[in-house]
Amino acid sequence: MKRALALVALAGLLAVAAVAGRANASPARAAGVNISGAGSTFVFPLVSAWIPQLGSAYGYNVSYSPVGSGAGIAAVTARTVDFGASDAPLSPDQFTACNGCIQLPWALSATSIAYNLPGLNCVVRLTGDVLARIYLGQITTWDDGAIKALNGSCNLPSTKITPVYRSDNSGTSYNFTDFLSAVNPSWKSKIGVGVNAQWPTGVGAKGSSGVAGVVTKTPGAICYVDVAYALNNKLRTAWIKNASGKYASPGLRGIAAAAATLPAKITGNGAISIVNPPKGNPLAYPISTFTYVIVPIKSSKAADLRKLIYWAITAGQQSGPKLRFQPLPKQVQAFDFKQIKLITG
Amino acid sequence: MTSTTPEELSAGGYASRRRMRPGDIVFQGVAFLAAAGVTVLLGLLAYKVVAQAWPAIRHFGVSFVWTNAWNPNNDVFGAASFIFGTVVTSFIALLIATPISIAIALFLTEIAPRRIAAPIATVVELLAAIPSVVLGLWGILVFGPWMNDHLEPGLKSAFGFLPILSGPTYQAGILPAALILTIMIVPIISALCRELFSRIPRDLTDGSLALGSTKWEAIRRVGLPYAAPGISAVMLLGLGRAFGEAIAVAQVIGGQVAISRSLFHPGDTLGARIALQYQGATTGLETNSLLYLGAILMVISLVTNVAAQGIVSRFEKARRLH
């Protein structure tokens, strides 16, 4: 018994020594400011690319937990992190609860519609209205007349459609329901727009990974998931018809074209919706979205947060395209520059 | 065992006969603080939950309990489908887990030689040590797809005439959630049952065997009736555990606001809904309604516990009369 105890103690000592050794080995930074963030999984690949660059540019030690938009809002509201990230703009109640927070659009991407139809060798084309009717439970098989009419040469199977949605609160759900509400009046009145909904049919799963898990294991399943996730996990994504009557893929060109429809000046609290952009943009992908950083205007790290966000919306945007994030349009940047000034100590 | 009688062991037995020593005073104080602390904590917790739920309780009233809706975008909330999901998944889990657990416990105490029993008991108890989130992940990746591809179609072709086993199958739903809960409560029920069975007086079963009954008859006629009050209390403990589980269920139940006849259909439970939708709830009323769900869950658990105590005391009374 005594020997065992001695061994455990020895192992503990060695572990402590090893950790201490490692801490000494890492180079000491002069301005080692720790900045913590949490939230959106959607923007996580981009923030991950920013972290080392911010480290070498300003000596910031940024940590980011991809816990989901809802949890990110909760974290910044409780001030347990320095900034939150969400793909859905804050609701009025959330603004009140957050007590002096501002939101700044800091990245631009899209939500893709992924499906699992094994053996199909053509890309499925869908309209927003058909998509809404699938999620309302009005279209239940892949060879339904409404889908066939959009996919002339495609030999669609008679497989049952299983719509899959996010069961946790998610900014991706916000983007998706925002689009469906814009194109289908019955969706708008019955279900509405939000980070969650009372889904009339289908099956829910937690997180992008949960949704993708169900879709890859269920033939006939369809889901919505952010573009980067769909590409990284090799999910097949549909082309969606835009207001100009053209089918658009969720690529950078489609996202850029959707953002080109923004007004020349952004006002208000920063919430911007670019779903279903108007006619005249044949390339526009209709389920594009901004994603937001949420910061308290009173912060002990105000100067550092200002620098961090300024860098993210300027130099940081260059890391975007590789990861399917389209750089921010000029007028959004201009809005953010004004907002940044509100952050004071 | 010494010849101490229960009276001597009961509270105050030693203290009244001996002079109080400083050590005893400290010990009593610490023990009292621990007991009082937990009671106060529970009281504060219940108060806080009800206080936070209060706006929703005032807004929806009692009809919240039987309203089947959860639309955060129109601020319409009700608990019916979640209460249904909680009760149905937990009772199915209990129904399947109880016979399995009793069989495991009997095997370990009555049948298996000690050399085999000890490692099996450890393995069953290890099952309880698997974090529920890991079990839920396994549910998503392995168990759910397997159910959708094999078990549910099999059940459907054999018992499809029953409404509860008909309709389309999904990877996530009431039945997968109930079976995950079963896996979670089997270790608890079987460990406690094993404890109960090992306390059945040898004289009783040996007497029965001596009178010519088989081993099974001795267990059924003598052992099980002796342990019955304990088993029912243990079952209710397991039920309480199943009611409260949130994460693993949230991962495999499919999160849908629905009361379906089919066990294959996705649904939701009180715990799972709170776990997934509390963070990032968009309106104040939604947050309050989620806490209302929490209050309902607390009431259900309280009723289960009171029922457990009631059953045990009735059994005890009946046994004394015999």
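1. Which residue in β2(A) is the bridge partner of A:S36? The partner of A:S36 is A:S63, and the strands concerned, β1 (residues 33-39) and β2 (residues 60-65) of chain A, run parallel and are joined by 6 bridges. Helices (H or I, at least four residues) and strands (E, at least two) are taken here as DSSP runs numbered from the N terminus, and two strands pair if DSSP finds at least two bridges between them.

2. On provenance, this is a predicted model, in which local features need pLDDT of at least 70 and side-chain atom pairs count only at pLDDT 80 or more, while totals for chains, interfaces and linings use all residues. Residues are numbered from 1 along each chain as its sequence is written, and chains are lettered from A, and ligands numbered from 1, in the order in which they are written.

3. The confidence of chain A deserves a remark, pLDDT being the predictor's confidence in each residue, from 0 to 100. Chain A has a mean pLDDT of 85, with 91% of its residues at 70 or more; over residues 13-30 of chain A, however, the pLDDT is below 50, and this stretch has 2 contacts in the model beyond near neighbours in sequence. A contact is counted if the C-beta atoms of two residues, placed from the backbone, lie within 7 Å.

4. To return to β1(A), this strand, helix α2 (residues 44-58) of chain A and β2(A) make a right-handed β-α-β unit, right-handed being the case where, with the strands pointing away from the viewer, the path from the first strand over the helix to the second runs clockwise. β1(A) also pairs with strand β3 (residues 83-86) of chain A, in the parallel sense and over 3 bridges, and there A:A38 has A:G84 as its bridge partner.

5. Strand β8 (residues 221-226) of chain A is mostly covered, with 6 of its 6 residues buried. A:A221, A:C223 and A:V225 point one way from β8(A), whereas A:I222, A:Y224 and A:D226 point the other way. In a regular strand the side chains alternate between the two faces of the sheet. β8(A) pairs in the antiparallel sense with strand β4 (residues 101-115) of chain A over 5 bridges, with A:S112 opposite A:V225, and in the parallel sense with strand β6 (residues 162-166) of chain A over 3 bridges, with A:V164 opposite A:C223.

6. Chain A also has an open sheet of 3 strands in the order β5-β10-β11, with mixed pairing. Its edge strands are β5 (125-126) and β11 (247-248) of chain A, each of which pairs on one side only. β5(A) and β10 (residues 239-241) of chain A pair in the parallel sense over 2 bridges, and A:R125 has A:W239 as its bridge partner.

7. In the largest nonpolar core, which has 172 residues, A:V164, A:I294 and B:I180 touch the most other members; such a core is a set of buried Ala, Val, Leu, Ile, Met, Phe, Trp, Tyr and Cys residues joined through C-beta atoms within 7 Å. Helix α7 (residues 174-198) of chain B gives the most to this core, with 16 residues. Leaving aside neighbours within four places in sequence, the contacts of A:I294 include A:I73, A:V76, A:F83 and A:G84.

8. Chain B has 12 helices and 2 strands, and 38% of its 322 residues count as buried. Its C-alpha atoms fill a box of roughly 70 × 55 × 35 Å, taken along the principal axes.

9. At the interface, 29 residues of chain B are in contact with 31 residues of chain A. On the side of chain B that touches chain A, the largest share, 4 residues, comes from α6(B).

Terms used: Buried ≥ 20, exposed ≤ 12 C-beta atoms within 10 Å, placed from the backbone.
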